[in-house]
Amino acid sequence: MPEAPPDAAARRAVAPVAVYDPDALDRKIPDPGPLTPVDTIRVPPRDARAIHVPAGHVLRILSIEGAQVGDLNLFAADDLSERFFSGKTRALHGTHVTAGDRLWSCLPYLRPMATIIYDSLSWYGTDPHGCRVHDVIGTRCDPYTGRLLGGDDYHRCCHSNLTRALADATDLPLPEAEGHVHDVLNVFMATGFDETGRYIMKASPVRPGDRLDLQAQFDLLAVLSTCPGGDCGSGHSSDDAPCFPIDLQVLAPAPGVLEGWQVPPSNPYDRSHGR
Ligand SMILES: [Zn+2]
């Protein structure tokens, strides 16, 4: 390791500033009024399913049988090239999201796809290990990393589950669907960083009845994988962990709530990039 320079302490002591001002973002939690269920899909263990969520409707991700983490992808229903942007959501809201935070779409669209309107695990806060729930840090378990680390091929990783479910929902060939699968929102997962900055996970505090409610800002296709890691307290690339289904429910807002509903426009930047 190189020797620290004489001004090391002064360099380290420079005060940090927040990159984005959270007050500049609209963080009001919308009130959709009494909700009416219109659709439900049960995601079996170690698998994924897709569901359409119309603008203004609520996607409820519901724990039903046991501690189970879900890996969520979001797309504009009419254009798969507009998808959830985990990195920018992290930069704008933080490493973990909860009620009041928004899930943003990728460049060049960069508009809110959904607002989190209820999080039954918001009480969890930051635990003694520095972990929080619902991260936008991790990517998704996948068979390629399994190969990289010398393991056997395992076909029920979240990446593969999402790929199959998206292919089934869109009639795209598997390789094309795979190209649209992206970094996820880790629903119900408890994660953080250790003192050296390494990504850590622990068994999720989720229990049956817990839920995360998202209000769609425009028509969405949501795809959720029930991670083969189960509560993600151990590994991800085997059938060893107990796994449970998760329900995806779509709920319509109260009549009148959608009157005058404004779909957020795509980002107004003109894309000239200085040319
Ligand atoms: Zn997974």
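Biologist: Let's start with Arg46. Is Arg46 buried or exposed?
Modeller: Arg46 counts as buried, with a relative accessibility of 14%. Under 20% is the cut-off for that word. Keep in mind that we're looking at a predicted model.

Biologist: Where is the place of Arg46 in the chain?
Modeller: Arg46 sits in the loop between β1 and β2.

Biologist: And what is phi of Arg46?
Modeller: The phi angle of Arg46 is near 55 degrees, which is a positive value in a residue other than glycine. For background, a negative phi is what most residues other than glycine have.

Biologist: What is phi of His273?
Modeller: His273 has a positive phi too, near 50 degrees, and is a residue other than glycine. You'll find His273 in the segment that follows β13 (246-252).

Biologist: Is His273 buried or exposed?
Modeller: Exposed: the relative accessible area of His273 is 60%, and the word applies over 50%.

Biologist: While we're on the backbone, which peptide bond is cis?
Modeller: The bond from Leu107 to Pro108 is cis, and its omega is near 0 degrees. Pro108 belongs to the loop between β6 (102-104) and β7. As a general point, most peptide bonds are trans.

Biologist: Switching to the metal. What coordinates the zinc ion?
Modeller: Three cysteines do, through their SG atoms: Cys141, Cys158 and Cys227, at 2.2 to 2.3 Å. Along the chain, the donors of the zinc ion have the spacing C-x16-C-x68-C. Cys141 is in the loop between β8 and α3 while Cys158 is in helix α4, so this pair ties together parts 17 residues apart in sequence.

Biologist: Buried or exposed, those two cysteines, Cys141 and Cys158?
Modeller: Cys141 is buried, at 13% relative accessible area. Cys158 is buried as well, at 0%.

Biologist: What lines the largest pocket?
Modeller: The lining has 19 residues, and those that lie nearest the centre of the pocket are Arg140, Cys141, Asp142, Thr145 and His236.

Biologist: How much space lies in the largest pocket?
Modeller: About 420 Å³.

Biologist: Which elements supply at least two residues of that lining?
Modeller: α3 (143-148), β9 (185-193) and β10 each do. β10 gives the largest share, with three residues.

Biologist: How do the residues of that lining divide into nonpolar, polar and charged?
Modeller: Seven of the lining residues are nonpolar, eight are polar and four are charged.

Biologist: New topic: how many salt bridges are there?
Modeller: The count comes to 13 salt bridges. One of them pairs Arg164 with Asp47, whose closest N and O atoms are 3.0 Å apart. Arg164 is in helix α4 (residues 158-170) and Asp47 is in the loop between β1 (36-43) and β2 (48-53), so the pair ties together parts 117 residues apart in sequence.

Biologist: What is the relative accessible area of Arg164, and of Asp47?
Modeller: Arg164 is partly exposed, at 23%. Asp47 is buried, at 14%.

Biologist: I also spotted Asp127 and Lys202. In what do their side chains meet?
Modeller: They meet in a salt bridge, at 2.9 Å from N to O. That pair links distant parts of the chain, since Asp127 is in the loop between β7 (112-119) and β8 (132-135), Lys202 is in strand β10 (residues 199-202), and they are 75 residues apart. Asp127 is buried, with 10% relative accessible area, and Lys202 counts as partly exposed, at 22%.

Biologist: Which residues do salt bridges that share partners join into one network?
Modeller: Asp47, Arg49, Arg156 and Arg164 are joined that way.

Biologist: What about Arg11 and Asp7?
Modeller: The side chains of Arg11 and Asp7 form a salt bridge too, at 3.1 Å from N to O. Arg11 is exposed, with 55% relative accessible area, whereas Asp7 is partly exposed, at 35%.

Biologist: Last one: what does the UniProt annotation cover?
Modeller: In the unreviewed UniProt entry, "domain: DUF1989" is annotated over residues 42-221. In the model that span is 19% helix and 34% strand, and its end C-alpha atoms lie 16 Å apart.

Key
Residues numbered from 1 in each chain as written. Predicted model: local features only at pLDDT ≥ 70, side-chain atom pairs only at ≥ 80, totals over all residues. Heavy atoms only, no water. UniProt positions renumbered as here; feature names shortened; annotations may be inferred. Helix = DSSP H or I, 4+ residues; strand = E, 2+ residues; numbered from the N terminus. Salt bridge = Lys/Arg side-chain N within 4 Å of Asp/Glu carboxyl O. Buried < 20%, exposed > 50% of the residue type's maximum accessible area, 1.4 Å probe, protein only. 1 Å grid on protein atoms, 1.4 Å probe; cavity = no way out; pocket = protein on both sides within 12 Å on 5 of 7 lines; lining within 4 Å. Points joined across faces, edges and corners; volume = space filled by probe spheres on them. Nonpolar A, V, L, I, M, F, W, Y, C, P; charged D, E, K, R; others polar. Donors = N, O, S within 2.8 Å, 3.2 Å for Na, K, Ca; no water.
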